[in-house]
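Work through the exercises below with the sequence and the model at hand. Each task is followed by a solution in steps.

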Amino acid sequence: MFDICSVILVVFYSYAAVIHPMATQYHRGVYIIITYLLVFLLYKSKSKIMRVVDYILILLSLASIGYWMFMFETINYRTGAETQTDMVFAIIGVLVGIELARRVVGKVFVFLGVIMLTYGVYGYLAPDLVSHAGAPFTELCISIFYKSDGVFGIMANVLATYVILFVLFGAFLEKCGAQKFFIDWPLAAVGHTTGGPAKVSVIASGLFGSISGSAIANTVSTGMFTIPMMKKAGFRPHVAGGIEPAASIGGMFMPPIMGAGGFIMAELTGVPYSKIMLVAIFPALMYFFSVFCMVHYEAKKYNIVGEKSEVSAREIFKKQWFYTIPLIVITIFMLYGFSPGYSAILGLVSCIVISYARKETRIGPKRFVLASREGTVNSLKIGATVGIIGIIIGVLTFSGLVLTFADIMIELAGGSLLLTIFLVALASLVLGMGVPVTAAYLITAVVAVPALTHLGVNELAAHMIVYWLSQDSNITPPVCIAAFAGATIAKANMWKTAFTSFKFAKFLYLGPILFGYVPGFSLDGSSTDIIKAFVIIFFGTWGYAWILSGIWINYIKAIFKKNPA
């Protein structure tokens with residue numbers, strides 16, 4: 001059943017992206033109905049009695065989402081005059097969405113959803129600053145389940161239009177053998193230099209992270225190879241475990257794919273995704289450059305040098321260059337104005353074609369099903385949040401808090417842009433502890449972007465500020481799941497690894513300040529202004545990494561040793 005549903009997802013959304021667009025109710029409904037079904041099949045209950053409950057929940061999911069799909073036009077026609085049946089299916093749909101998130105994401109996210117529902121019903125009891133009239137629970141569920149900013153709103157649209165296709169593309173890219181090339185090539189190119197294995201980790205994480213769409217998946221997949229290699233070269237375990245997640249989160253804002261956030265940004269701003277890619281390239285490169293420099297100075301401090309590869313980088317590239325074709329195909333088609341979904345499918349097809357270059361990587365029917373299954377499993381973590389995200393965005397819109405939150409934030413920050421950015425960082429960190437980073441970005445963007453634009457930041461730069469800061473929960477204690485994943489592979493102390501990762505990823509906090517104060521950083525301004533900004537930021541990033549690395553302390557110690565008082 002799982003494999004059949006996975007293949008249906010690939011075929012259905014390939015058809016919708018390339019051949020014939022689907023009507024809204026089928027485009028979003030099929031994705032959500034299959035996601036709900038697969039979550040209950042994969043994250044199943046342990047006892048026999050609770051397995052019966054699982055099947056009841058599957059039937060309720062099919063009934064409520066199926067009802068929304070097939071009654072879509074009728075429900076829209078009678079908006080404001082919903083029937084008793086409409087109400088029952090809306091309540092079922094909202095409650096099943098909460099249970100779905102509990103199984104996959106955990107209790108914190110569920111707590112957030114319940115708090116928002118309570119606020120939606122009893123908003124009149126809240127402090128004056130955030131109070132609203134409130135509404136009966138049934139009316140609130142109808143609004144969340146049937147209106148365009150609820151369960152089937154922007155998150156569902158982005159997941160069904162872009163995310164599922166790019167997650168599947170990532171799975172097919174891995175299956176065709178490209179992941180090995182993304183590690184072997186940088187290993188041959190920089191593996192023998194000062195801190196070589198760690199530099200390989202930074203480059204490999206940039207290459208693989210740009211298509212994996214998940215900092216944790218990136219940490220685990222490339223880290224399984226790079227972290228033991230760093231330890232062998234002489235990096236302390238907690239440093240090896242910290243470098244990989246610090247490099248991995250950069251993949252979330254590295255084109256061509258940028259996780260799911262770039263697509264949500266395109267949806268919210270109305271800016272073509274190709275432009276968002278162009279704006280994102282230089283900041284992402286500066287992030288990796290910053291980590292790369294810090295790694296270099298860390299290795300210099302302890303005199304760590306890698307081993308020379310038996311095969312040269314040129315030789316590897318000459319033999320395996322074709323593994324870059326899928327990424328090139330996606331980038332070119334998106335820059336030429338084709339939709340991201342269309343480009344992703346062409347990229348996926350190119351993965352199947354190049355897989356035939358080697359007998360052991362050929363994607364035949366069996367490996368096709370396997371890649372579909374792996375891609376679908378990877379998509380469930382974010383897909384399972386769609387119900388709760390619908391509740392949060394739905395209640396924020398229903399209560400009018402979206403409009404007042406910007407005023408609250410500006411008032412708290414006293415009109416200071418720097419303080420507003422700090423508040424956004426704090427909000428996204430707290431939110432990121434309980435929800436996936438893409439969900440944290442969407443929720444924070446809805447309420448924080450108006451505050452940033454009010455203070456003079458252009459809309460795209462404001463979204464970039466929120467998107468960059470939404471990644472911080474992956475490497476910032478106390479939750480920092482990506483850093484903990486790195487610590488597990490490195491067999492290192494969790495907290496030491498987390499704080500080391502936080503240290504190496506410090507450009508994550510400088511980037512948003514640059515977006516806020518330097519318009520050229522987001523390609524806003526004349527060509528001269530942009531070039532000037534790029535040159536200054538390049539050297540500034542180098543200096544920033546040098547200061548944060550602490551290597552200058554050794555130089556000062558050396559001076560005092562030579563000239564004792």
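The model is predicted: local features need pLDDT of at least 70, side-chain atom pairs count only at pLDDT 80 or more, and totals for chains, interfaces and linings use all residues. Residues are numbered from 1 along each chain as its sequence is written, and side-chain values use heavy atoms, with hydrogens and water left out.

**Exercise 1.** Determine how helix H2 (residues 24-42) and helix H18 (residues 365-383) pack.

Step 1. Helices are DSSP runs (H or I, at least four residues), numbered from the N terminus. Axes are lines fitted to C-alpha atoms over the stretch in contact, and angles run from 0 to 180 degrees between N-to-C directions.

Step 2. The axes of H2 and H18 lie 10 Å apart, at an angle of about 100°. The two helices are therefore roughly perpendicular (65 to 115 degrees).

Step 3. In the contact (heavy atoms within 4.5 Å), H2 supplies Tyr31, Thr35, Leu38, Val39 and Leu42, while H18 supplies Thr376, Val377, Ser379, Leu380 and Gly383.

Step 4. Sorted by class, these are 6 nonpolar, 4 polar and no charged residues. Nonpolar covers Ala, Val, Leu, Ile, Met, Phe, Trp, Tyr, Cys and Pro; charged covers Asp, Glu, Lys and Arg; the others, Gly among them, are polar.

**Exercise 2.** Find which residues of H13 are buried, and what they pack against.

Step 1. Buried means under 20% relative accessible area (1.4 Å probe, protein chains only). In H13 (residues 261-269), 7 of the 9 residues are buried, so the helix is largely enclosed by the rest of the structure.

Step 2. They are Gly261, Gly262, Phe263, Ile264, Met265, Ala266 and Thr269.

Step 3. Their packing partners are H8 (154-175), H14 (273-301), H17 (340-354), H22 and H23 (459-469).

Step 4. Gly270 follows H13, with a positive phi near 75°.

**Exercise 3.** Which residues of H24 are buried?

Step 1. The buried residues are Ala482, Ala483, Phe484, Ala485, Gly486, Ala487, Ile489 and Ala490.

Step 2. Because 8 of the 10 residues of H24 (residues 481-490) are buried, this helix is largely enclosed by the rest of the structure.

Step 3. After H24 comes Lys491, whose phi is positive, near 55°.

**Exercise 4.** Describe the lining of the second largest pocket by class and by helix.

Step 1. The lining has 21 nonpolar, 2 polar and no charged residues.

Step 2. H6 gives the largest share, 6 residues.

How values were computed
Angles under 35 degrees count as roughly parallel, over 145 as roughly antiparallel, 65 to 115 as roughly perpendicular and the rest as oblique. Buried means under 20% relative accessible area, exposed over 50%, partly exposed in between (1.4 Å probe, protein chains only).
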